[in-house]
Amino acid sequence: MEIRKFALSLAVLAGLCSLNTQAQTGKKVTSHETIGQRIDTLAKKVSPAVEKAEKAGKEKLNADEKKIDADAKKVGSEGKHAGKVGKEKVCADAKKINCKVKHAEKADKAKLKSDVKKVKKGVAKTEQKVKRACLKDKAKIKAWEKARKAKK
């Protein structure tokens, strides 16, 4: 439906633009042609393309629904098969995954700690640079004021 609205809006805009162009070029619009008739003519020209696009959209939607249904059935059958494999294998896999997760968490914590240390060092260096810059600027200001007083 949105495609149809968009296409009809384009048709209206094209009709108005063509009438505006005719008015600018000095061409006389025939007395039987009104804006409404021009829009209707353009809408009739565009409507088959809009209907074709809607039909293609519906067909694609139906195909996607069928594919999703087939995938859902496949996943369901795979789930049943996995349940039959055995609880022992599932438990063993769960233990392996838990070990990997714990290892990853430890590695992430260590990386986080090192990153925090780097950031703290960077902040400390930046603070030191700012302090040095402030001291230099204060010294420059004092020297400037001293020189200004000496000139007076």
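I took a salt bridge to be a side-chain nitrogen of Lys or Arg within 4 Å of a carboxyl oxygen of Asp or Glu, and I began with the pair Asp 64 and Lys 60, whose side chains meet in such a bridge at 3.7 Å, N to O.

I noted that this is a predicted model, in which local features need pLDDT of at least 70 and side-chain atom pairs count only at pLDDT 80 or more, while totals for chains, interfaces and linings use all residues. I also noted that residues are numbered from 1 along each chain as its sequence is written, and that side-chain values use heavy atoms, with hydrogens and water left out.

Confidence. I looked up pLDDT, the predictor's confidence in each residue from 0 to 100, and found that the protein averages 78, with 82% of the residues scoring at least 70. The mean is lowest in helix 1 (residues 2–25), at 66, and highest in helix 3, at 85.

Elements. I counted helices (H or I, at least four residues) and strands (E, at least two) as DSSP runs numbered from the N terminus, which gave 3 helices and 0 strands.

Salt bridges. I found 2 salt bridges by the rule above. Asp 64 and Lys 60 are 4 residues apart in helix 2 (residues 35–85), so about one helical turn separates them. The second pair is Lys 111 and Asp 115, with side chains meeting at 3.4 Å, N to O; both residues lie in helix 3, 4 residues apart, about one turn of the helix.

Exposure. I used buried for under 20% relative accessible area, exposed for over 50% and partly exposed for in between (1.4 Å probe, protein chains only). Buried residues make up 6% of the 152 residues in the protein.

Surface charge. I then listed a positive patch, which includes Lys 102, Lys 106, Lys 109, Lys 113, Arg 132, Lys 136 and Lys 140. Patches are made of residues with over 30% relative accessible area and no salt bridge, like charges being joined within 9 Å and nonpolar side chains (Val, Leu, Ile, Met, Phe, Trp, Tyr) within 5 Å. I checked Lys 136, which has its place in helix 3 (residues 87–151) and is exposed, with a relative accessible area of 58%.

How values were computed: Accessible areas come from the Shrake-Rupley method with a 1.4 Å probe; for residues, only the protein chains shown count as cover. Lys and Arg count as positive and Asp and Glu as negative; His and the chain ends are not counted. The place of a charge is taken as NZ of Lys, CZ of Arg, CG of Asp or CD of Glu.
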